[in-house]
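Open the model in your viewer and keep the selection panel at hand. This tour goes from the whole chain to a few selections.

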Amino acid sequence: MEQEIGNISTALIRKLNPAMKGIGNDFIMDSTEYYIPDVNSIFKYPLRLDGIIIAVRKQGSATININLREYNTTKNDLILCAPGDILQSIPKPGMHQTQMFLISSDFLKENPLAELI
């Protein structure tokens, strides 16, 4: 049985992780260190993101699938995802820390700098 790929917004990510800092639900930052005992992530299953992710892994490792292409990420790896990308993250058990910025599509559309691109 086929399953449709779900969508996730920056607002829902913020709701599921209220400790994240940012500007409303449109620009979110996180650098929290956390322990993952097993695979239990909101990106455990492929999701289509409504926004941009810019992240640098500072600790831990994970298998990241972006648009169904697999990447093994470790310390100092940069991860970039554009609006509409299909994202899945399968972290390895252990300590993790990522410097992450999530920017909603709405924020990008409303930003005056977007007109220059």
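Accessible areas here come from the Shrake-Rupley method with a 1.4 Å probe, and for residues only the protein chains shown count as cover. Show the surface of the chain: it comes to about 7,600 Å², of which 56% belongs to carbon and sulfur atoms. This is a predicted model, in which local features need pLDDT of at least 70, side-chain atom pairs count only at pLDDT 80 or more, and totals for chains, interfaces and linings use all residues. Residues are numbered from 1 along each chain as its sequence is written, and side-chain values use heavy atoms, leaving out hydrogens and water.

Switch to cartoon. There are two helices and ten strands. These are DSSP runs, numbered from the N terminus: helices are H or I with at least four residues, strands E with at least two. From the N terminus, the order is β-α-β-β-β-β-β-β-β-β-β-α.

Select Ile8, in strand 1 (residues 6-9). Its relative accessible area is 5%, so Ile8 is buried (under 20%; exposed is over 50%, partly exposed in between; 1.4 Å probe, protein chains only). Of the chain's 117 residues, 32% count as buried.

Next, select Ile54, Val56, Leu78 and Leu80. They form a nonpolar patch on the surface, with about 330 Å² of accessible area together. Strand 5 (47-59) and strand 8 (78-81) each give two or more residues to the patch. Patch members have over 30% relative accessible area and no salt bridge; nonpolar side chains (Val, Leu, Ile, Met, Phe, Trp, Tyr) are joined within 5 Å, like charges within 9 Å. A salt bridge puts a side-chain nitrogen of Lys or Arg within 4 Å of a carboxyl oxygen of Asp or Glu.

End on Leu78, in strand 8. Leu78 counts as exposed because its relative accessibility is 55%.
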